[in-house]
Amino acid sequence: MASIGLSAAIVAFAALTATAAAQAPSLAGRDVQLIIGLGAGSGFDLWGRTVARHLGKHLPGNPSIVVQNMPGAGGLSAVNFIYNRAPKDGTVMGLIASSAAMAPLTGASGARFDPTRITWLGTPTTETYVCVAYDSPQVKVKTFRDLYQNELIVGATGPGAGSYYFPKALGALLGMKFKVIAGFPGAANVYLAMERGEVDGICQSLAGLSETRPDWITGKKVALIFQAGAAPNPELADVPFVNDLARTPEDRQAVEFLYAGTGIGRPFFAPPDMPAGLVKMERDAFSATMADADFLADARKQKLDVNPKDGAYLAALIEKVYATPRPIVERIAELIK
């Protein structure tokens with residue numbers, strides 16, 4: 001009798017194990033679409049394609065990762081699509097600028113999503129932002145002091161991008177003379193416009209600039225006007241930190257909120273309301289990719305600085321940012337509207 005009972009228990013356990021295995025998420029035989037919210041040739045595009053080359057082997061079933069660029073409105077077109085229309089079965093992921101994740105909070109037109117509901121997977125790096133001016137005789141701005149006397153014409157993508165709203169807000173907060181020309185498909189197009197003398201500069205992530213124009217800083221082809229972020233970058237010790245340029249405590253608080261999203265980095269995400277098993281699967285796969293020796297070697301080859309944060313970190317940071325007191329939010333939102 002004991003033998004029969006033990007056999008029955010083994011059969012029951014095997015059946016449960018088989019059922020659990022059958023229900024475990026798997027993407028075998030399927031393609032996973034990675035939608036990049038910025039144009040081809042951008043730093044985001046480089047990050048997205050580098051991660052995509054290694055992510056599939058860490059997902060159950062080893063699916064192929066198919067990359068698609070969906071530029072528009074500084075990344076809002078891509079996140080709107082993924083949030084509202086993409087399937088929630090693990091076959092669609094996205095990569096956007098951190099500024100796009102801040103767009104609903106700052107009142108950017110066209111933001112039709114709630115960042116606190118998005119499934120955040122992680123970021124391969126966090127960011128320092130810089131404003132740079134091209135080294136040309138026609139460009140009169142060489143230092144941050146020049147910005148109070150001379151206008152700097154900067155290129156930008158759209159209202160969801162930091163290249164647009166950082167200079168727009170700083171002009172009002174700190175009295176800097178920026179003129180923003182928006183509508184470029186991506187940062188790479190702004191760089192070309194700088195080389196052609198059509199615009200003077202750009203406010204962009206340091207990584208994005210270094211990834212696509214690595215000789216601009218080392219070769220002194222641009223002047224670093226100031227840096228910005230959660231904290232000063234020690235590698236830019238001689239470049240002024242924009243928070244220190246604020247004239248009042250209230251202005252400093254506003255500038256700190258303006259750049260609160262820099263810790264978001266290059267965020268990878270998936271649609272909201274996904275089953276818990278799929279969320280864990282994708283977050284685990286992203287974290288495993290960040291530790292993958294082949295990925296790290298590939299990133300070094302591409303001159304990408306890997307400093308990853310996981311999905312739980314991003315979700316907590318988004319919650320914190322979206323809990324900012326309304327008076328500060330409304331002040332910045334009014335400035336960049």
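Over the chain the mean pLDDT (the predictor's confidence in each residue, from 0 to 100) is 89, and 93% of the residues reach 70 or more. This is a predicted model, in which local features need pLDDT of at least 70, side-chain atom pairs count only at pLDDT 80 or more, and totals for chains, interfaces and linings use all residues. Residues are numbered from 1 along each chain as its sequence is written, and side-chain values use heavy atoms, with hydrogens and water left out.

**Stop 1**

Where pLDDT is low, the predicted coordinates should not be read in detail.

**Stop 1: the disulfide**

Next, select Cys-131 and Cys-203, which are joined by a disulfide with an S to S distance of 1.9 Å. The criterion is a pair of cysteine sulfur atoms within 2.5 Å, and by this rule the count comes to 1 disulfide. The pair links distant parts of the chain, 72 residues apart: Cys-131 belongs to strand β5 (residues 129-134) and Cys-203 to strand β8 (residues 201-205). Helices (H or I, at least four residues) and strands (E, at least two) are DSSP runs, numbered from the N terminus. The torsion about the S-S bond of Cys-131 and Cys-203 is about 105 degrees, so the disulfide is right-handed. Both Cys-131 and Cys-203 are buried. Buried means under 20% relative accessible area, exposed over 50%, and partly exposed in between (1.4 Å probe, protein chains only).

**Stop 2: two loop residues with positive phi**

Move to Asn-62, in the loop between α2 (43-55) and β2 (64-69). Asn-62 has a positive phi of about 50 degrees although it is not a glycine, and at 51% relative accessibility it counts as exposed.

Then select Ala-73, in the loop between β2 and α3 (76-84). Its phi, near 55 degrees, is likewise a positive value in a residue other than glycine. Ala-73 is partly exposed, with a relative accessible area of 35%.

**Stop 3: helix α4**

Select residues 98-106, helix α4. The buried residues are Ser-98, Ser-99, Ala-100, Ala-101, Met-102, Ala-103, Leu-105 and Thr-106. Just after α4, Gly-107 takes a positive phi of about 80 degrees.

**Stop 4: the largest pocket**

Rolling a probe the size of a water molecule over the atoms shows where empty space is left. On a 1 Å grid over the protein atoms alone, a cavity is a set of points where a 1.4 Å probe fits but cannot get out, and a pocket is an open set with protein on both sides within 12 Å along at least five of seven lines; lining residues have an atom within 4 Å of a point. Grid points are joined across faces, edges and corners, and a volume is the space filled by probe spheres set on the points.

The largest pocket holds about 610 Å³ of space. Select Thr-126, Thr-128, Leu-206, Asn-233 and Asp-305, the closest to its centre of the 25 residues that line the pocket. Helix α7 (residues 206-212) gives the most to this lining, with 4 residues. By class, the lining of the largest pocket has 11 nonpolar, 9 polar and 5 charged residues. Here Ala, Val, Leu, Ile, Met, Phe, Trp, Tyr, Cys and Pro count as nonpolar, Asp, Glu, Lys and Arg as charged, and the others, Gly among them, as polar.

**Stop 5: Thr-262**

Select Thr-262, in the loop between α9 and β10 (268-270). Thr-262 is buried, with a relative accessible area of 1%. Beyond its neighbours within four places in sequence, Thr-262 is in contact with Thr-126, Glu-127, Tyr-129, Gly-229 and Ala-230.

**Stop 6: the second largest pocket**

The second largest pocket holds about 340 Å³ of space. Among its 15 lining residues, Glu-256, Phe-257, Ala-260, Lys-320 and Val-321 lie nearest the centre. At least two lining residues come from each of α9 (249-258) and α12 (311-321). This lining divides into 8 nonpolar, 5 polar and 2 charged residues.

**Stop 7: the cavity**

Finally, the structure holds 1 cavity of 30 Å³ or more. About 140 Å³ of space lies in the largest cavity. Select Leu-38, Phe-44, Ser-163, Ala-187 and Gln-204, which lie nearest its centre among 14 lining residues. α5 (162-174), α6 (187-195) and β8 each supply at least two residues of this lining. By class, the lining of the largest cavity has 8 nonpolar, 6 polar and no charged residues.

Definitions and conventions: Contact means heavy atoms within 4.5 Å.
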